[in-house]
Amino acid sequence: MSSGNERDFVEALIRRNRYLVLSSTNGKDPWAAPLEYMADDKLNLYFFSTVDSRHACDIEMNEKVAVAIFDSDQPEYSADLSASLNGVQIEATARKVPENEYSEAIIAAIEALKPLMPPYAVYELRPRTFYLPKITKGVNVRTEVK
């Protein structure tokens with residue numbers, strides 16, 4: 001898969017899915033949280049969360065996070081398998097978005113969802129690096145998407 005095709009694959013994967021797994025840490029213990037998300041044109045990811053959730057507290061202390069997005073339908077593993085996996089691994093920075101920076105899409109989502117989890121906030125994940133996992137001759141490897 002060429003770099004352009006890899007980037008197109010990543011964008012299509014992000015657009016067709018609704019859930020991600022966010023990995024954060026407080027500097028001592030790791031945490032993983034499944035979250036519903038939306039993406040903007042630059043592939044920044046946004047989610048709503050209560051401000052006292054564990055991942056929100058982790059983000060306050062450490063903006064570096066990891067994200068996984070994947071289709072649940074994957075090839076079954078075998079020792080000789082060579083296959084692209086339908087997923088992306090992301091290194092990102094995270095932050096709570098101040099209300100004065102909400103985009104029209106975020107405002108529309110808030111109005112449509114009317115989140116009942118006060119106090120909630122919008123969080124942004126800005127990808128630094130995308131990786132595509134692949135199984136080659138039974139070995140799981142990943143390649144960086146340029």
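Modeller: Happy to! Let's begin with a pairing: strand S3 (residues 38-39) and strand S4 run antiparallel and are joined by 2 bridges. Two strands pair if DSSP finds at least two bridges between them, and the strands themselves (E, at least two residues), like the helices (H or I, at least four), are DSSP runs, numbered from the N terminus. Before going on, a word on the source: this is a predicted model, in which local features need pLDDT of at least 70 and side-chain atom pairs count only at pLDDT 80 or more, while totals for chains, interfaces and linings use all residues. Residues are numbered from 1 along each chain as its sequence is written, and side-chain values use heavy atoms, with hydrogens and water left out.

Back to the pairing: Leu-45 in S4 has Ala-39 opposite. The hairpin of S3 and S4 has 5 residues between the strands, and there Leu-43 takes a positive phi near 70°.

S4 also pairs with strand S8 (residues 120-136), in the antiparallel sense and over 6 bridges. Here Ser-49 has Ala-121 in S8 as its bridge partner.

How covered is S4? Of the 6 residues in S4 (residues 45-50), 5 are buried; buried means under 20% relative accessible area, exposed over 50%, and partly exposed in between, with a 1.4 Å probe and protein chains only.

Now for the side chains. A pair of aromatic rings is described by the distance of the centres and the angle of the planes. Rings of Phe, Tyr and Trp (its six-membered ring) pair if their centres lie within 6.5 Å; planes under 30 degrees apart count as stacked, over 60 as edge-to-face and the rest as tilted. By this rule there are 2 aromatic pairs. In one of them, the ring centres of Phe-47 and Tyr-123 are 5.3 Å apart and the planes are at 15°, so this pair is stacked. Phe-47 belongs to S4 and Tyr-123 to S8, 76 residues apart, so distant parts of the chain are linked. Phe-47 is buried, at 2% relative accessible area, and Tyr-123 is buried as well, at 1%.

Phe-48 and Tyr-120 have ring centres 6.1 Å apart and planes at 75°, so they form an edge-to-face pair. Because Phe-48 lies in S4 and Tyr-120 in S8, this pair ties together parts that are 72 residues apart in sequence. Phe-48 is buried, with a relative accessible area of 19%, whereas Tyr-120 is partly exposed, with 28%.
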